[in-house]
Amino acid sequence: MERVLGLGVGPLAAGTVGLLILLKVIQRLRRKQNLQDKVVVITGASSGLGKECARVFHAAGARLILCGRDQKRLQDVVEELRNKNNNGKIQTHTPCTVTFDLSSTSLVSSAAKEILKCHGHVDVLINNAGISYRGNILDTHVSVQRDVMETNYFGPVALTQAILPSMVDRRSGHIVVISSVQGKISIPYRSAYAASKHATQAYFDCLRAEVDRFGLQVSVISPGYIRTNLSINAVTGDGSQYGGEIMLLLSTKLLFSLY
Ligand SMILES: NC(=O)c1ccc[n+]([C@@H]2O[C@H](COP(=O)([O-])OP(=O)(O)OC[C@H]3O[C@@H](n4cnc5c(N)ncnc54)[C@H](OP(=O)(O)O)[C@@H]3O)[C@@H](O)[C@H]2O)c1
């Protein structure tokens, strides 16, 4: 009988311990993923990826601070989120908005103060806003190269550096930047964009190594092509708007109207 019990108890105990460890791991992962009440800042929240992030984080119960240049467009996103049907399991919050142009460093520091005033701190900063560029180097003004750099590189850098000290003080925070696959590989006719994303990758890699000791996390996301307004809003070599997909749409319409 003892032998039977002995044989049965050993594996049972080992199985129970294993199960408890697994439960602990799942609990830890869940805690990590829990975004309820977390303060999340999203730049470029009026459109595309930023707007989609806003939808996902809002549904997870985060306290959002949505940023962009156009207050009306941001307010439309807030209204859309408020009208979303919530199954009641997660408590959602009405997002705050902060309007500023990322390409102006002096505006970014006052915007950062406004952002910090909303809830007193930031848990997650998502540097998403950006513009694209289409043109060949021979025909591109240096001022255009600089403008793309201001929005895609210096803007996120200035905002991050303005928010960073408060994260260091709290020994808590996650900084995310939306780069691009073009931050790793350069292709023709995208010089300004690829350069700005390469610089982004380098800066945030350095930042990750520097702030790890404070318990802060830094993530660089490098998506491939996603159909948003990015190419429509892209700037060309002379600084005018590219309007790529609109042109495609117009030419398709024209083609169909011939039949
Ligand atoms: N779509 C893709 O294929 C793709 C691929 C890889 C990476 N990405 C990256 O993903 C990010 C989001 O792009 P998206 O595709 O979602 O493009 P999008 O639909 O054009 O959205 C861009 C957002 O950035 C904001 N923005 C642009 N210039 C700004 C400025 N000077 N100051 C403040 N906000 C500004 C815009 O807001 P307002 O105009 O309302 O100010 C808008 O909300 C960008 O960093 C882009 O490089 C996109």
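Me: Which residues does Ala54 touch, leaving out those up to four places away in sequence?
Reply: Ala54 touches Ile42, Ala45, Leu64, Leu66, Val77, Leu81 and Pro95; contact requires C-beta atoms, placed from the backbone, within 7 Å. The model is predicted: local features need pLDDT of at least 70 and side-chain atom pairs pLDDT 80 or more, while totals for chains, interfaces and linings use all residues. Numbering runs from 1 along each chain as its sequence is written.

Me: And which residues touch the most other members of the largest nonpolar core?
Reply: Ala54 is among them, with Val40, Val41, Ile42 and Leu66, in a core of 42 residues. Such a core joins buried Ala, Val, Leu, Ile, Met, Phe, Trp, Tyr and Cys residues through C-beta atoms within 7 Å; buried means 20 or more other C-beta atoms within 10 Å of the residue's own.

Me: Which helix supplies the largest share of this core?
Reply: Helix 5 (residues 142–170) does, with 7 residues; helices are DSSP runs of H or I, at least four residues long, and strands are E runs of at least two, numbered from the N terminus. A second, separate core has 10 residues, including Ile131 and Leu230.

Me: Turning to helix 6, which residues are buried there?
Reply: Ala192, Tyr193, Ala194, Ser196, Lys197, Thr200 and Phe204. They pack against strand 5 (133–134), helix 5, strand 6 (174–178) and strand 7 (217–221).

Me: How many residues surround the ligand?
Reply: There are 28, the closest being Gly44, Gly48, Arg69, Gly130 and Thr228; the criterion is a C-beta atom, placed from the backbone, within 6 Å. Helix 2 (residues 48–59) gives the most to this shell, with 3 residues.

How values were computed. A residue is buried if 20 or more other C-beta atoms lie within 10 Å of its own, exposed if 12 or fewer, and partly exposed in between; C-beta atoms are placed from the backbone. Two residues are in contact if their C-beta atoms, placed from the backbone, lie within 7 Å.
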